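Thanks for coming, everyone. Please bring up the sequence and the model, and I'll walk you through it.

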Amino acid sequence: MQKRNFVSYFLIFLALSLIIFGASKIGLLKPLDSLGKGILSPFQALTYGTFAKITELGSNPQIEGLKAQNLALTKKLIDQSKLIADNKALRDQFQTQNPKSSNLIEADVIGAPAFIPGISVPETLILDRGESDGVKVGQAVVYEDNLIGQVVGTSLFSANVMLVTNPSLSFTAKTLITQSPGVIKGQGGEEMILDNVVLSDSLQKQDMVLTKGDVNASGLGLPPDLVVGKINAISKNPSDLFQKADVKSLIDFSKLTKVFVIVNY
Amino acid sequence: MKVLAFVLLTIALILEASLITIPFVFLGLLCLLVLSRRNWLFIFAFAFGLVLDLVTFKTLGASSAFFVIFLFLVLLYQSKFEIATNAFVFFASFLGSFGYLLLLGYNNNILLQAILSSIIGLLLFKSVQRFSKSLVI
């Protein structure tokens, strides 16, 4: 290969890449981007679905059943606690379902780019619903009443969701029994920590962590009382300003194929 | 060779876009370049990089630019040294994968993934080498 030949190829395609990169950064290519994603998302859904089925082949159905039962029981426990709190506050007997099903749209997981089965867990998910379905950046993504993550990017026909375990995501939360407020910070892998809990507040092992709610005036953000996870360990040092706790989600993110986006809160 | 490259990179793209962080497209491009040293691989690097950015919600052009620059560096290196060796493929896969994952903001076991990538890159190189030889025969 002549050196000048590949240099000219290099310069041409580097220039093209940089032009596209620049145009994409300032949003000029958004319609083209959305169109391309719309065309490619069915193929992605097909391959992701196939791989998800393959990874499920080795799992024990009895354990999966117990996990599902555990989720349902946890949901019941939280609903009951909420009901007691409502009664205490002399509110009416109307039991609210959180989140309301009328506010949800169902979405298929069509990709989990940062994921190697057996080595790492997903940090982001790609969904087959986008702006055309009312999905916006900032909306919460749930499975039953468990928080999965937050929408961080959208195109017309797909959305990018940052999972709660992603190190780039943090939000306010509270514990169920002791109502101690704190900040949930993703740690990568399957880890999360509940940080910034003042020392005077009490934390309990096995206590559930719920979102505190940070919905803005436009209705975007994380609604309150979604399940984030369960406290596994507490780290409290009298010389520190705050105490923290290790939190684990009840959801196995690598096996998710269907989730729900809260489009209207 | 172009058909082989297209098929290999398409499979790599499907894997990388749907499921796995390991930069299969990059590894495929590297192996094909080491074996064929053809200019048209720049076109493949550009096109597959764009599609990859599209389906993984990255800024369009980022992967293309990385692939094109890396291929260029490999070609510059090959003008002085031999590149069709296991050692070169292993280290180039490691460095490229590490840089690529770092550049695109992945922060989950990057080092482990880069090591895994270099092993996969080496295996891919040996497989493509055998397959392309059998095609020639």
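Chain A has three helices and twelve strands. Helices here are DSSP runs of H or I with at least four residues, strands are runs of E with at least two, and both are numbered from the N terminus.

Now the ground rules. This is a predicted model: local features need pLDDT of at least 70, side-chain atom pairs count only at pLDDT 80 or more, and totals for chains, interfaces and linings use all residues. Residues are numbered from 1 along each chain as its sequence is written, while chains are lettered from A and ligands numbered from 1 in the order in which they are written.

Confidence next. pLDDT is the predictor's confidence in each residue, from 0 to 100. Chain B has a mean of 85, and 95% of its residues reach 70 or more. For the complex, the predictor gives an ipTM of 0.86 and a pTM of 0.62.

Back to chain A. Of its 265 residues, 35% count as buried. Buried means 20 or more other C-beta atoms within 10 Å of the residue's own, exposed means 12 or fewer, and partly exposed is in between; C-beta atoms are placed from the backbone.

Look at strand E12 of chain A, residues 258–262. Four of its five residues are buried. Which strands pair with E12(A)? Strand E1, residues 104–111, runs antiparallel to E12(A), joined by five bridges. There, A:Asp108 stands opposite A:Lys258. Strand E3, residues 140–143, is also antiparallel to E12(A), over two bridges. In that pair A:Val142 faces A:Phe260. Pairing requires at least two DSSP bridges between the strands.

Now the largest nonpolar core. A nonpolar core is a set of buried Ala, Val, Leu, Ile, Met, Phe, Trp, Tyr and Cys residues joined through C-beta atoms within 7 Å. This one has 52 residues, and B:Leu29, B:Ala45 and B:Leu71 touch the most other members. Helix H1 (3–25) of chain A and helices H1 to H6 of chain B each give two or more residues to this core. H2(B) gives the most, eleven.

What does B:Ala45 touch? Leaving out residues up to four places away in sequence, the list is A:Phe13, B:Leu29, B:Ser64, B:Phe67, B:Val68 and B:Leu71. Contact means C-beta atoms, placed from the backbone, within 7 Å. Apart from this core lies another, of 46 residues, including A:Tyr48 and A:Val261.

On to the interface. 34 residues of chain B are in contact with 39 residues of chain A. H4(B) supplies the largest share of chain B's side, seven residues. By class, that side has 21 nonpolar, twelve polar and one charged residues. Ala, Val, Leu, Ile, Met, Phe, Trp, Tyr, Cys and Pro count as nonpolar, Asp, Glu, Lys and Arg as charged, and the others, Gly among them, as polar.

H4(B) also has buried residues, among them B:Phe66, B:Phe67 and B:Leu75.

A:Asn196, in strand E8, has phi near 60°, a positive value in a residue other than glycine. A:Asn196 counts as partly exposed because it has 17 C-beta neighbours inside 10 Å. A:Asp225 has phi near 70°, also positive and not glycine. A:Asp225 sits in the loop between strands E9 and E10 of chain A.

Key
Contact = placed C-beta atoms within 7 Å.
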